[in-house]
Every structure is written in C-alpha cells, then in structure tokens.
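I opened a new page for this one.

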Amino acid sequence: MYVAVKGGEKAIDNAHRLLAEDRRGDPAVPELSLRQISEQLSLAVDRVMTEGSIYDRDLAALAIKQARGDLVEAIFLLRAYRTTLPRLAVSRPVDTTAMHVHRRISATFKDLPGGQVLGPTFDYTHRLLDFDLAEPSAEVPEAPAGSPRGDPVPRVTEVLNREGLIAREVADDPNAPVGDLTREPLAFPADRATRLQNLARGDEGFLLALGYSTQRGFGSTHPFIGEIRMGEVAVEIEPEDLGFAVEIGDILLTECETVNQFKGSKTEPPQFTRGYGLAFGYAERKAISMALVDRALRGRELGEEVVAPAQDEEFVLYHSDNVESSGFVQHIKLPHYVDFQGELDLVRRLRAERDAEAAQ
Amino acid sequence: MSVVRGYNFAYLDEQTKRMIRRGLLKAVAVPGYQVPFGSREMPLPYGWGTGGIQVTASVIGPDDVLKVIDQGADDTTNAVSIRRFFARVAGVATTERTTEATLIQTRHRIPETPLAEGQILVYQVPIPEPLRWVEPRETETRKMHALTEYGVMHVKLYEDITRHGRIATSFNYPVLVNGRYVMSPSPIPKFDNPKMHRMPALQLFGAGREKRLYAVPPHTRVESLDFEDHPFEVQTWDDVCALCGADDSYLDEVIVDDQGGRMFVCSDSDYCRQRRDAGHAGHGGPSDLETVERGTP
C-alpha cells in the first residue's frame with residue numbers, strides 16, 4: 001500500500017538538527033569565534049559585507065559561521081536580516097579623494113602625486129603553500145610601520161581631466177535622490193547610479209567572468225587601471241533638524257577607476273572614458289571587475305554598438321544578484337510532481353500517436 | 001507554536017505591507033496586468049515562494065485561517081515550512097481543509113474543492129511573464145502587452161500543432177484575462193486552468209524575484225488560448241485515485257516498485273481525505289494499465 005510522503009514536519013526538524021551538528025563539526029575541536037573569523041578570514045567578511053549590502057563585520061562573521069563558510073549563503077543571511085532594518089538616514093556621498101590610504105596604485109603613470117603605495121597585496125607573492133602556517137606560529141614579524149601618508153592623494157582621472165582628455169562626469173541633478181534597488185524594482189533603461197548599485201551588490205564571480213569576457217573581445221573596452229585605492233573614508237550624515245553634517249564613523253573601501261580608450265563618435269570627441277568600481281573592505285578583484293562591466297554597460301550612451309553580453313544591461317543587471325540566482329537555480333530541487341506528471345502524460349500521448357501512425 | 005519575538009506581525013513592516021497592498025489594488029483594478037513592486041528580501045530563498053509569502057504577509061490578519069499547499073498537498077516539505085513561517089511570525093490559525101481556510105497560498109495547483117466568495121487564493125509565481133519564452137527581454141514584452149501584440153503566442157501554439165499534432169504545453173498554459181491581458185497562470189497544470197474562469201474567490205499572484213504582482217478579481221473571465229479547430233483540453237486519466245477512487249481530480253503517478261509498477265493518487269491531499277472520510281475508497285493497488293493511453297483528445 002502506498003504510503004504518502006507524510007512527515008514533512010518531522011523531516012524538517014531532523015534536517016535542521018543534522019545541519020547544526022555538521023556545522024559544529026568535531027566537538028573536540030575548539031569552536032570558531034566571530035572575532036577569529038573577522039580577524040583571520042577578513043577577506044571573506046569583506047565579500048559578504050559587500051554583496052550583503054551591510055557594513056558590519058560582526059554580523060558578516062556571524063553569517064559566515066552560520067553558513068559554514070558558504071559565502072553566498074552568508075550573503076543571503078545578511079540580506080534577509082538587512083531587509084528588516086529601519087532606515088535612519090541617508091549618508092552624504094563619501095569622499096574617496098580624502099581617503100586614508102593603505103594601498104594606492106596606478107597602472108597608467110609611473111609616478112604621480114601621492115605616490116604608488118603597494119600595501120598588503122597578494123600581487124607579488126609566490127603562490128607556494130606556506131607549511132609554517134599549518135601549525136600555530138609563535139609570532140608574525142611586525143611589518144615596518146609605514147607612516148600613513150598625510151598629503152592629499154589626487155585622483156588620476158583628475159590629472160587627465162585637467163587636460164580635457166577624459167570624459168567629464170557630472171550628475172544630471174546632484175540633488176536628486178539616488179534610486180534604491182532594495183525598495184524599487186529595476187526598470188529599463190537603468191540610469192548609471194542604479195546600474196552601479198546593482199553591480200556593487202552583484203556576484204563577484206559573475207562580474208569577474210563578464211569583465212574577463214570584455215577583455216577577450218566580447219565588447220572590448222580597452223581598459224587601463226587608472227587607479228586602485230583602498231583605505232578608510234569617513235561616513236557623514238546630515239540629520240534634518242541639525243542642518244550640518246556629522247561624522248558617524250569610518251569604513252574601509254576599495255575603489256577602482258579604469259581609463260578606457262574611446263575613439264569618439266558623432267557627438268563626442270576622441271577621449272578617454274571611465275569605468276567605476278567600489279566595494280566594502282579590501283576587495284580588489286570585485287572592484288576591478290565592476291569597473292570593467294560598468295564601462296561596458298555605458299555602450300548605449302556612448303553610441304557604441306551593443307553586441308556583447310557584458311554590454312547588455314538587461315542581461316547583466318537581471319542576472320548579477322547571487323541571492324536571486326542561487327535561489328532560483330536551486331528551487332528546481334523542490335517538488336515538481338504535478339508539472340512533471342503533465343509532461344509525462346504529454347510525452348506518452350505524443351509517442352502513442354507516433355506509434356499509431358507508424359503502424360498504419 | 002510560539003510567535004517569534006522581535007519581528008512585526010507577519011514579518012513585514014507595515015509600510016512595506018501597505019506598499020504591497022497598493023500594488024495589489026492596482027493589480028485587481030487591471031486584471032492580468034503585471035504591477036512592478038519593491039519586492040523585499042525574505043528569509044526564504046527566491047524560488048521557494050517569496051512572492052506569494054509577501055502577498056500573504058500583506059493581506060493576512062489575526063483572524064485569518066491559513067492553508068498552504070505545494071503540488072496540491074499540505075504535507076510537502078515546502079508547504080510545511082511556509083505554514084510554519086506564518087504560524088511563527090503571525091501566530092495565525094492554520095488548516096489543511098480547503099473549506100475552512102480564508103487564505104490559501106499555493107504552489108503549482110488549485111484545490112479541487114471549488115473556492116467560495118470571501119476566500120483568497122495566493123499563487124507563488126516563478127516567471128510572471130507569459131511571453132518570456134518567445135521574447136527574453138522585459139523592455140520588449142512590456143511593449144507587447146501595452147499594444148496587445150499577442151500574435152506570437154498563437155504562432156507558438158500553431159507551431160506546436162504542426163509539429164506535434166497538438167498543443168504541447170501541459171502546465172503554465174497561457175490564459176487571456178478579462179479579454180485583455182495574456183497572463184501566466186503560474187506553473188499549475190492546464191487541468192486547473194478552467195477553475196480560474198469566473199472563480200468566486202480573489203486570486204492574487206506574487207513573483208518575488210521578478211518583483212511583479214498581478215491579480216484576477218472574483219468572477220473574472222479567464223480563457224485558455226486555443227484555436228476553434230484545436231480547442232483547449234485538459235488532462236484525463238484512465239485510472240482513478242487508488243486511495244479514494246476519484247475520477248475527477250488531478251492524479252500524481254507514484255512508482256511503487258522497480259518493475260515499472262505504478263499507482264495513481266490524488267495530488268490534492270485534502271480532497272482525497274474528504275472523499276475517504278465520506279466513505280469513498282479506491283482499488284488500493286497499483287495501476288493495471290499496461291501502456292498508458294489516456295483519455296480522448
């Protein structure tokens with residue numbers, strides 16, 4: 001006798017218990033603390049904050065712990081929490097020119113005001129497994145204390161701007177409120193601020209692949225890294241009843257500006273154009289990828305032929321969010337008995353008709 | 001089940017609920033039209049019914065009685081999970097009985113028991129755009145709806161007929177609502193399409209990931225697209241439900257052994273129980289149908 005698929009409640013409870021047990025792993029091994037995650041897996045925390053759209057290291061560390069290190073799952077946890085938070089204020093635009101710089105490099109000029117500051121980068125490490133790290137080490141030798149550069153670090157694009165070699169970027173209306181993707185659904189054509197917001201929340205892997213595709217000729221944008229800078233900037237809000245801005249804290253940001261070749265069009269002279277990327281924390285791969293895709297998406301406004309996936313705003317913006325894509329891709333593991341029954345019935349009918357025709 | 005602390009009634013904050021209700025009012029005013037809305041990130045994944053959950057959360061009140069089904073059944077894991085979610089965040093009464101529910105959230109089915117005036121049926125919708133399979137771009141499909149440019153849908157059905165001799169769509173079968181908008185009925189089997197026509201209950205549709213709402217008000221015309229010489233038809237079975245003997249309900253096929261043995265049972269678990277309670281019984285065993293040659297076209 002057929003036993004119906006009963007007991008969903010009990011199955012779910014047990015699944016949750018198993019999950020909790022697996023998350024903890026061997027109880028003989030000390031449990032991870034949020035502080036350990038936030039200090040020693042800091043780049044994972046940065047990614048989860050960026051794509052989860054909250055700057056909060058503790059919450060991101062908690063999400064990573066709860067998600068067993070699955071960063072996309074951690075991003076989802078953080079987003080689902082974020083959506084319940086009240087909005088207290090909208091910050092003023094952060095001034096990254098005034099950034100307290102830990103790293104700043106330009107690939108377009110050998111030297112420039114503010115200098116090249118390598119900072120804590122993987123770039124010139126040899127990727128050899130360091131077996132010394134396999135055991136808890138006694139002490140990490142202290143890095144030479146670089147004096148933080150107090151002098152202003154002007155932007156590379158400003159240097160080009162003075163000569164009029166790079167397209168100026170002026171907001172249509174600097175006082176107009178910025179759209180909010182978490183409150184308003186996407187509509188097309190999307191303005192640049194909305195596109196950048198989407199890319200900032202977008203999946204790093206997706207943007208990386210799209211950015212890469214533009215370099216391989218699918219919508220080439222001939223980019224140079226004008227500048228990458230990473231460091232702290234102040235966040236200011238202007239409470240309505242106060243009338244002036246107050247600083248509420250510092251956040252660590254990675255910013256990338258690309259300088260892209262542009263041969264000019266009917267309306268625009270030959271000049272360089274820009275792509276822009278910004279991420280919470282130290283997230284250089286994300287910031288560069290974002291800048292490449294941002295520039296590719298500007299094809300329409302610059303009068304370029306829009307042919308490649310990275311230039312296609314519906315394609316890019318509708319598919320960049322990993323909370324959306326991870327959910328929808330995985331939902332096909334939910335039961336589809338009813339639809340499948342319909343398909344079974346249809347295929348059987350079509351086959352029966354074919355057989356009947358063949359028999360005639 | 002105790003109500004979870006620290007969250008508003010039914011999870012969403014009241015402003016968000018109002019925003020969704022405004023969208024729903026517009027959807028009811030323009031039957032079948034997809035209304036964009038500021039879909040929120042929910043604590044369940046996209047694809048699990050976040051649109052339906054948001055609609056339910058914004059219309060549910062403390063006196064409502066909620067029923068949740070997935071594939072027609074109340075006891076499938078996702079239905080259990082969503083029902084629990086509302087029991088936790090809203091503390092409302094839940095039921096498995098179609099007739100007792102004031103609010104029914106569904107994935108992939110319409111209950112067999114006819115719905116009555118005053119009830120609300122909330123559908124979870126994965127892809128709200130019925131034209132998506134012929135045109136992937138939202139900018140284009142919105143124009144096509146605005147201009148009632150639906151010829152492509154009939155061309156697609158016509159191509160099916162020339163290729164297969166019949167319309168080869170068994171679920172998510174497009175409908176025309178109130179003679180104006182072509183609408184996706186969500187992935188219900190076409191068997192359920194006729195139930196939408198002039199249904200006395202209010203039908204609300206929520207697509208969370210795609211950020212769209214739409215609705216069919218009570219007693220509205222809902223016609224499945226077809227041709228005069230190839231009229232719309234629904235699935236039929238040669239066998240009956242093995243448990244309750246029903247010959248008028250949508251049957252799920254269950255594999256009972258590794259020799260190809262199978263049996264058919266009602267997909268609507270409440271309908272099946274009602275019939276068994278009323279003394280009906282099926283043959284209780286595997287189907288003896290050799291080749292399945294079902295129904296008459």
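**Entry: aromatic rings**

I searched the whole structure and found 12 aromatic pairs over all chains. I took rings of Phe, Tyr and Trp (its six-membered ring) as a pair if their centres lie within 6.5 Å; planes under 30 degrees apart count as stacked, over 60 as edge-to-face and the rest as tilted.

I looked up B:F85 and B:F86. Their ring centres are 5.3 Å apart and their planes stand at 75°, so I noted the pair as edge-to-face. Both B:F85 and B:F86 are buried. Buried means under 20% relative accessible area, exposed over 50%, and partly exposed in between (1.4 Å probe, protein chains only).

I then turned to B:Y173 and B:F232. This pair is edge-to-face too, with 4.9 Å centre to centre and 65° between the planes. B:Y173 sits in the loop between α5 (151–164) and β6 (175–177) of chain B, and B:F232 in the loop between β10 and β11 (251–255) of chain B, so the pair ties together parts 59 residues apart in sequence. I named the elements from DSSP runs, numbered from the N terminus: helices are H or I with at least four residues, strands are E with at least two. B:Y173 and B:F232 are both buried.

I also noted a cluster: ring pairs link B:Y7, B:Y11, B:F85 and B:F86.

This is a predicted model: local features need pLDDT of at least 70, side-chain atom pairs count only at pLDDT 80 or more, and totals for chains, interfaces and linings use all residues. Residues are numbered from 1 along each chain as its sequence is written, chains are lettered from A and ligands numbered from 1 in the order in which they are written, and side-chain values use heavy atoms, with hydrogens and water left out.

**Entry: charges over rings**

I checked where a charge sits over a ring (NZ of Lys or CZ of Arg within 6 Å of the ring centre and within 35 degrees of the ring normal). B:R180 lies over the face of B:Y181, 4.1 Å from the ring centre. B:R209 has its charged end over the ring of A:F328, 3.6 Å from the centre.

**Entry: chain B against chain A**

How many residues does each chain give to the contact? I read 67 residues from chain B and 44 residues from chain A, with contact meaning heavy atoms within 4.5 Å. The two chains bury about 4,800 Å² between them, 56% of it on carbon and sulfur atoms. Buried area is the accessible area (1.4 Å probe) that two parts lose on being put together, summed over both. B:E41, B:R84 and B:R166 supply 13% of the area that chain B buries against chain A, more than any other three residues.

I found 8 salt bridges across this interface. A salt bridge is a side-chain nitrogen of Lys or Arg within 4 Å of a carboxyl oxygen of Asp or Glu. A:R348 and B:E253 meet in a salt bridge, at 2.8 Å from N to O.

**Entry: backbone spots**

The peptide bond from A:F188 to A:P189 is cis, with omega near -5°. A:P189 is in the loop between α6 (156–162) and α7 (192–201) of chain A.

A:S53 is not glycine, yet its phi is positive, near 60°. I placed A:S53 in the loop between α3 (42–52) and α4 (57–66) of chain A. Is A:S53 buried or exposed? A:S53 is buried, with a relative accessible area of 15%.
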